[in-house]
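Okay, everyone, thanks for coming. Let me put the structure up on the screen, and then we'll walk through a few pieces of it.

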Amino acid sequence: MTNTTEKKSGFVGNTANYLDERLSVAGVLKGFGRKVFPDHWSFMLGEVALYSFVILVLSGTFLTFFYQPSMAEVHYDGSYAPLKGAQMSIAYASSLDISFDIRGGLIMRQVHHWAALLFVAAAGLHMLRVFFTGAFRKPRELNWVVGFLLFVMGMAAGFTGYSLPDDLLSGNGLRIIDGMIKGIPLIGPAISSGFFGGEFPGTEVVARLYSLHIMIVPALIIVLIGVHLMMVIIHKHTHYSGPGRTDDNVVGYPLAPVYVAKAGGFFFLVFGVIAAISATFTINPIWNYGPYDPSPVSAGTQPDWYIGWLDGALRLAPSGWDISVFGFVIPMGVMVPLVVSLVFLALVAAYPFIENWVTKDKREHHVLDRPRNNPTRTAIGAAGVTFYGVLWAGASTDLIATNFQMSLNQVLVAMQILLIIGPVIAYWVTKRACLSLQRKDREMVLHGRETGRIVRLPHGEFIEVHEPVDEYELWKLVDYKNYEPILARPDENGKITIGNRLRSAVSRIYFEDRIAPVSKAEYELAHADHAPAAVSEKPKKKQKSIKA
Amino acid sequence: MSDIEKSYSPGLAKDIQKPIKDPGIEPHRVRMTDKSEKHAKTAEKQIAAMFGVSVLGAIIAVWGFFAFPIIDGDLSATRNNALWMGLGMALSMLGIGFGAVHWAKTLMPDNEVSEMRHQARSSDETRAQALEIVKLADGESGFTRRKLIRRSMYGAIAFFPIPAIIIFGDLGPVVGDTLRHTMWKPGTRLTKDPTGIPIKASDVTIGSVFHVIPEGLSEMEEHKLEEKAKAAVLLVRVNPSDLNEDPAKADWSYQGIVAYSKICTHVGCPVALYEQHTHHLLCPCHQSTFDLANHCEVVFGPASRPLPQLPIAVDAEGYLIAQSDFLDPVGPSFWDMRK
């Protein structure tokens with residue numbers, strides 16, 4: 001032992017000593033080295049987003065060495081024969097050069113684009129995981145907001161980057177943005193002029209998007225990621241409900257060595273998968289689109305997936321709603337989608353505060369909800385996902401119509417109807433499904449698991465034998481919070497305020513239909529008259545009477 | 001929660017007594033590598049092999065870089081370059097990734113451990129001390145006491161960012177009248193996009209479509225795209241009896257030849273698709289559909305205004321010319337477009 005330590009205090013030991021005397025690294029290592037993180041596949045979604053971002057910075061830096069953000073016109077003279085001699089911007093020409101004339105350029109462009117798609121996708125899925133498990137509850141509400149901002153910044157990074165090659169497709173995307181901006185009352189045309197440096201498309205916008213894309217937006221993302229992770233350290237990670245997991249502890253594996261290896265290795269896995277996809281699947285073949293020109297456009301234009309829902313909102317807006325006030329025009333075909341999507345985003349950001357306003361539960365929550373155990377929240381989430389999904393599908397109405405040989409008009413009208421009733425159906429179905437799953441859990445707790453073994457009793461009755469679940473499984477099924485709706489009560493002045501009434505009404509929406517976790521009394525009653533491995537018939541009746 | 005920590009209100013939560021006691025963390029399941037040195041050795045070799053594969057991947061990527069130099073006009077070299085560098089990189093990354101994860105899963109301890117949490121809230125003592133510091137700092141600076149300083153500072157803080165906003169004033173010129181006007185003037189010839197060749201009325205057969213730009217645009221050195229983004233026109237000849245023309249605009253067309261702005265009144269995409277037998281113009285971006293035979297009124301989709309019509313005529317040589325600029329603003333609606 002002594003020998004090895006002495007040996008190590010050669011280079012490694014000296015370095016460690018050098019750093020500790022200057023940076024107190026020993027204290028940092030002592031504090032974080034054995035920090036416990038819980039294990040679950042869904043906790044990796046945020047990691048995927050983080051690693052995708054690192055890959056974006058790495059591949060993006062490579063691209064900046066060759067890309068030139070200028071809209072000055074040149075005649076193309078690169079390797080791609082079909083465009084030889086064509087007039088185009090330097091931005092487009094340098095993007096073509098990256099693709100065709102620089103070794104490793106195409107693979108880096110593809111890695112960058114695929115990583116961007118994955119970044120927003122992973123961030124979105126991570127958000128859904130946090131939402132459906134209630135991980136946004138106290139003390140993590142603010143971190144939800146930070147995460148929300150990260151998602152929005154991800155979309156901003158994607159859009160600013162998407163426009164940089166200055167190809168026909170991205171130019172049309174900018175044109176659409178220009179049209180939307182111009183529609184904003186009072187300030188629209190001025191903002192458009194400021195954004196494009198004059199009339200659309202101008203000669204400025206690519207350089208401006210470039211500085212946003214490589215400086216401002218990534219800097220904000222890095223700061224937000226720092227805050228996001230710092231809060232994870234302050235709060236410690238949540239864990240799923242299960243035996244031994246409480247709001248007072250965190251159960252999992254230590255950072256060193258397990259998570260150093262697992263999470264470190266996972267970075268390489270994410271990078272490897274992105275590299276493999278980028279090597280084999282083409283993304284954004286800008287050479288097929290040609291340089292930007294305001295006159296032509298190709299049919300079936302599609303934005304990157306994360307902008308799709310906004311494009312879909314534009315398509316689904318009904319026509320003929322324009323308002324004229326004192327001769328001033330408010331183009332509702334633009335304003336309705338704009339306002340609707342902003343309201344949707346605002347609701348997403350505000351959800352933790354809305355739910356807490358209803359429950360007024362001020363305790364810290366570190367044990368995650370199984371989605372079924374909060375049916376209304378899960379149903380609201382499903383409704384939101386459906387709303388987003390219909391808008392997203394709305395961006396593909398033309399492709400749906402052509403691929404399935406349907407009338408474009410009918411597809412669009414169907415989407416408009418679906419946008420309204422889809423979330424309602426999703427809400428209802430999800431809520432019922434959650435309640436049913438909870439009932440199934442109750443059955444399992446009270447009467448055990450169905451074994452599929454049918455037994456005939458002496459008096460001729462057939463029954464299925466139930467097997468009790470073990471205590472670890474059982475604990476998972478009963479360990480969840482139970483909320484009850486509240487009646488609107490007068491305050492100290494004897495008045496029932498509107499806020500109180502509203503809260504009472506919303507609390508009824510949330511908690512009127514609920515399946516309470518099995519209580520000790522119920523459990524003992526169910527197990528009083530027979531051995532654990534017994535039959536289900538009698539207790540079933542009892543359970544009904546309890547509920548009634 | 002332990003005693004020292006604050007117990008918060010549960011709100012609407014009603015705790016129910018749990019049917020059983022928390023049984024605690026499940027017992028550790030012993031892995032093969034825990035109990036058999038042979039299995040541990042195998043795992044060790046597997047991990048080393050994965051790291052070895054990673055090295056191989058890096059070599060493949062480097063080989064790909066040198067093996068496929070760029071050859072002008074030969075796209076297969078580019079493709080092979082990207083393919084082999086990409087696959088090599090993927091292999092080298094996946095080798096490390098799988099190796100590290102396999103290491104963690106087979107050879108590192110997998111007993112779950114528990115660590116206590118602490119409430120985010122600081123202890124009462126800390127809070128009192130923090131408050132003390134705030135009070136002390138307030139007293140020492142006189143922040144609350146010296147109202148004049150405080151208020152004038154608020155004023156300064158409110159005003160100092162204003163230059164930072166104004167300084168961006170030259171991001172773009174004042175909009176002025178540019179959105180209402182295009183390059184079209186009385187007598188401007190209609191020419192083909194992108195060649196700029198003038199179009200004779202006799203060249204436009206029934207059912208044919210011309211993508212049109214104003215004469216002179218294709219030779220422009222500056223602001224070409226800006227002008228094109230406003231002036232692009234779609235020229236179609238239909239059977240005059242199919243046209244339902246506004247009597248006031250009857251002379252805006254020429255023997256069934258009509259010219260409409262190509263810029264969608266929704267958000268500005270080019271309305272590039274023409275369906276001959278229905279006379280419908282379709283915007284491929286958001287599917288706004290305009291009825292060409294009926295003053296390009298919106299028949300479907302999110303657009304709200306008809307496409308503006310360009311009044312045309314024929315000059316002495318038989319070429320199509322504009323009678324004037326568009327009388328309505330082209331492209332997306334904006335708030336003061338009618339002023």
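Before we start, one definition: we call a residue buried if 20 or more other C-beta atoms lie within 10 Å of its own. And keep in mind that this is a predicted model.

So, how many of the 13 residues of α2(A) are buried? The count is zero, and that helix is hardly covered. Helix α2 of chain A runs over residues 11–23, and from its first C-alpha to its last it reaches 18 Å, close to the 18 Å expected at 1.5 Å a residue. Just after α2(A) comes A:Ser24, with a positive phi of about 50°.

Now for a helix pair. In chain B, α2 (residues 37–67) packs with α3 (residues 75–106) at an angle of about 165°, and their axes are 7 Å apart. That makes the two roughly antiparallel, because an angle over 145 degrees counts that way. The contact of α2(B) with α3(B) involves 21 nonpolar residues, 11 polar ones and no charged ones. The crossing of α2(B) and α3(B) is left-handed.

Last stop, the sheet. Chain B has four strands in an open sheet, ordered β6-β7-β8-β9, with antiparallel pairing. Which strands sit at the edges? Those are β6 (273–275) and β9 (297–300), each pairing on one side only. Strand β8 pairs with β9(B) over three bridges, and B:Thr289 has B:Phe300 as its bridge partner.

Methods
Residues numbered from 1 in each chain as written. Chains lettered and ligands numbered in written order. Predicted model: local features only at pLDDT ≥ 70, side-chain atom pairs only at ≥ 80, totals over all residues. Expected span 1.5 Å × (residues − 1). Buried ≥ 20, exposed ≤ 12 C-beta atoms within 10 Å, placed from the backbone. Axes fitted to C-alpha atoms, helices over the stretch in contact; angles between N-to-C directions. Parallel < 35°, antiparallel > 145°, perpendicular 65-115°, else oblique. Left-handed = near helix turned anticlockwise from the far one by under 90°. Nonpolar A, V, L, I, M, F, W, Y, C, P; charged D, E, K, R; others polar. Pairing = 2+ DSSP bridges.
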